[in-house]
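Have the sequence and the coordinates open side by side.

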Amino acid sequence: MYKRQELEKAGIIANMNMVPGDEHPMRPSGIRLGVQELTRLGMKEDEMEEVALFFKRLLIDGEEAGKVRKDVVDFKNNYRKIYYCFNEGEDPYEFIELVKA
């Protein structure tokens with residue numbers, strides 16, 4: 001199974017990117033992380049270390065994706081406001097209805 005699919009089972013979304021040595025763009029072996037999204041949710045250096053541990057548990061230690069997912073969900077529940085944007089302090093996942101002007 002591809003690592004990206006295993007990450008998704010654990011509740012971690014990442015993009016696949018080519019790295020030096022990859023032979024075909026449809027089979028990249030690198031992983032790109034959207035750290036800016038974590039920062040937007042108020043995470044800083046200490047939280048990035050915790051996020052790195054989720055990757056380690058899954059990809060290096062071989063821990064079951066479902067167990068990691070539970071901890072990922074519990075961890076992310078502490079970050080339910082947005083920062084560094086125009087709507088600071090609001091729920092980042094609230095549906096905003098757009099109306100025609």
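The model is predicted.

Start inside, with Leu7. Leu7 sits in helix α1, which covers residues 3-9. Is Leu7 buried or exposed? Its relative accessibility is 0%, so Leu7 counts as buried. What does Leu7 touch beyond its neighbours within four places in sequence? The contacts are Ile12, Ala14, Ile31, Phe55, Leu58 and Leu59. Select these residues together with Leu7 to see the surroundings. For scale, take Arg27. Leu7 and Arg27 lie 20 residues apart in sequence, and their C-alpha atoms are 17 Å apart in space.

Ile31 belongs to strand β2, residues 30-32. It is in contact with Leu7, yet it also takes part in a surface patch. Its relative accessible area is 34%, so Ile31 is partly exposed. Which residues make the nonpolar patch? They are Ile31, Leu33 and Val35, and the patch comes to about 210 Å².

Next comes charge on the surface. Glu45, Asp46, Glu49 and Glu50 gather there in a patch of negative charge. Asp46 is placed in helix α3, residues 45-60. With a relative accessible area of 58%, Asp46 is exposed. The cut-off for exposed is over 50%, which means that Asp46 passes it.

Glu47 is also placed in helix α3. Glu47 is buried and has no salt bridge. How far away is the nearest side chain of opposite charge? That side chain is Lys44, at 7.4 Å. A salt bridge needs nitrogen and oxygen within 4 Å. Setting aside neighbours within four places in sequence, Glu47 is in contact with Phe75 and Tyr79.

Now the salt bridges. How many are there in the whole structure? The search finds 7. Take the pair Glu37 and Arg40. Their side chains meet in a salt bridge, at 3.0 Å from N to O. Both residues are in helix α2, residues 35-40. They are 3 residues apart there, so about one helical turn separates them. Glu37 is partly exposed at 31% relative accessibility. Arg40 is partly exposed as well, at 27%.

Lys70 and Asp74 make another pair. Their N to O distance is 2.9 Å, in a salt bridge between the side chains. What separates Lys70 and Asp74 in helix α4? The two are 4 residues apart, so the separation is about one helical turn. Lys70 counts as exposed, at 52% relative accessibility. Asp74 counts as partly exposed, at 38%.

Arg80 and Asp91 form a salt bridge too, with the closest N and O atoms 3.5 Å apart. This pair links distant parts of the chain: Arg80 and Asp91 both lie in the segment after α4, 11 residues apart. Arg80 has a relative accessible area of 36% and is partly exposed. Asp91, at 35%, is partly exposed.

At 38% relative accessibility, Arg69 counts as partly exposed. Which residues does Arg69 contact, neighbours within four places in sequence left aside? They are Glu8, Lys9, Ala10 and Gly11. Helix α1 covers residues 3-9, so Glu8 and Lys9 fall within its range. Glu90 gives a separation to compare on screen. Arg69 and Glu90 are 21 residues apart along the chain, and 25 Å separates their C-alpha atoms.

End with Ile96. Ile96 is found in the segment after α4. Is Ile96 buried or exposed? Its relative accessible area is 52%, so Ile96 is exposed. Now draw a line from Ile96 to Glu64. The two residues are 32 places apart along the chain, and their C-alpha atoms are separated by 36 Å.

Terms used
Residues numbered from 1 in each chain as written. Predicted model: local features only at pLDDT ≥ 70, side-chain atom pairs only at ≥ 80, totals over all residues. Heavy atoms only, no water. Patch = residues over 30% accessible without salt bridge, like charges linked within 9 Å, V, L, I, M, F, W, Y side chains within 5 Å. Areas by Shrake-Rupley, 256 points an atom, 1.4 Å probe, with all protein chains shown as cover. Lys, Arg positive; Asp, Glu negative; His and termini not counted. Charge placed at Lys NZ, Arg CZ, Asp CG, Glu CD. Buried < 20%, exposed > 50% of the residue type's maximum accessible area, 1.4 Å probe, protein only. Contact = heavy atoms within 4.5 Å.
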